[in-house]
Amino acid sequence: MTRKMPNPVDVHVGARVRMRRMLIGMSQEKLGESLGLTFQQVQKYEKGSNRIGASRLYQIGSVLGVPIEFFFEGLERDQASGGAGHGASFDTELLSSAEGIQLNSAFFAISDPRLRKRLLDLVKAMAGDAGEQDDE
């Protein structure tokens, strides 16, 4: 028996739920309590293995303080049609990880915009160097 792959849109929406939940420091258990669900159900939503209905998505948006459109931001057309996209992009997965959220929070905690720009330039240079090393 083969297991059905989740729809790429459901994976993307779930990743956005997870990212927003983590950005505001809310646990899966707390989100579940707010929605009248178990944390296991929240996990299934976040993985995209269970589809989130329209009324539930509206409820999740209200609890997380974002409009419904937030959950679809960054969704590529080919993902929505089931084409070449493969669910949440690498960027979305990285940004919604605990490490990605910590990095993002720390970066925006830097109040000096010039310092943020210098840090961004440094990271870009490091990424360029890493790409050149991979080619060797």
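Start by clicking on Arg114: is it buried or exposed? Arg114 is exposed, with a relative accessible area of 63%. On this tour, buried means under 20% relative accessible area, exposed means over 50%, and partly exposed is anything in between (1.4 Å probe, protein chains only).

Before going on, some ground rules. This is a predicted model, with residues numbered from 1 along each chain as its sequence is written. Local features need pLDDT of at least 70 and side-chain atom pairs count only at pLDDT 80 or more, while totals for chains, interfaces and linings use all residues; side-chain values use heavy atoms, with hydrogens and water left out.

**Whole chain.** Helices (H or I, at least four residues) and strands (E, at least two) are DSSP runs, numbered from the N terminus. Of the 136 residues, 29% count as buried. Now try a surface: the accessible area is about 9,300 Å², and 55% of it belongs to carbon and sulfur atoms. That area comes from the Shrake-Rupley method with a 1.4 Å probe; for residues, only the protein chains shown count as cover.

**Colour by confidence.** pLDDT is the predictor's confidence in each residue, from 0 to 100. The chain's mean is 83, and 79% of its residues reach 70 or more. Select 83–90 next: pLDDT stays under 50 there, and the model has 15 contacts for this stretch beyond four places in sequence. A contact here is heavy atoms within 4.5 Å.

**Into the core.** Select Val13, Val17, Leu31, Ile52, Ile60, Leu64 and Phe71. Of the 16 residues in the largest nonpolar core, these touch the most other members. Helices H1 (8–23), H2 (28–35), H3 (39–47) and H4 (54–64) each supply at least two residues of this core, and H1 gives the most, with four. By nonpolar core I mean a set of buried Ala, Val, Leu, Ile, Met, Phe, Trp, Tyr and Cys residues joined through side-chain atoms within 4.5 Å. In soluble globular proteins, nonpolar side chains tend to be buried together. Now centre on Ile52. Which residues does Ile52 touch, not counting those up to four places away in sequence? They are Val13, Val17, Tyr45, Leu57 and Ile60.

**Tyr58.** Hop along to Tyr58, found in helix H4. Tyr58 counts as exposed because its relative accessible area is 55%. Draw a line from its C-alpha to that of Glu69, 11 residues away along the chain, and you get 9.9 Å.

**Salt bridges.** The whole structure has five. Each is a side-chain nitrogen of Lys or Arg within 4 Å of a carboxyl oxygen of Asp or Glu.

- Show Glu73 and Arg16, whose side chains meet at 3.0 Å, N to O. This pair links distant parts of the chain, 57 residues apart: Glu73 is in the loop between H4 and helix H5 (77–80), and Arg16 is in helix H1. Glu73 is partly exposed at 45%, whereas Arg16 counts as buried at 10% relative accessibility.
- Return to Arg114, which pairs with Asp112 at 3.7 Å, N to O. Asp112 is partly exposed, at 29%.
- Finish with Lys117 and Asp121, which meet at 2.8 Å, N to O. Both lie in helix H8 (residues 113–135), four residues apart, about one turn of the helix. Lys117 counts as partly exposed at 46%, and Asp121 counts as partly exposed at 34%.
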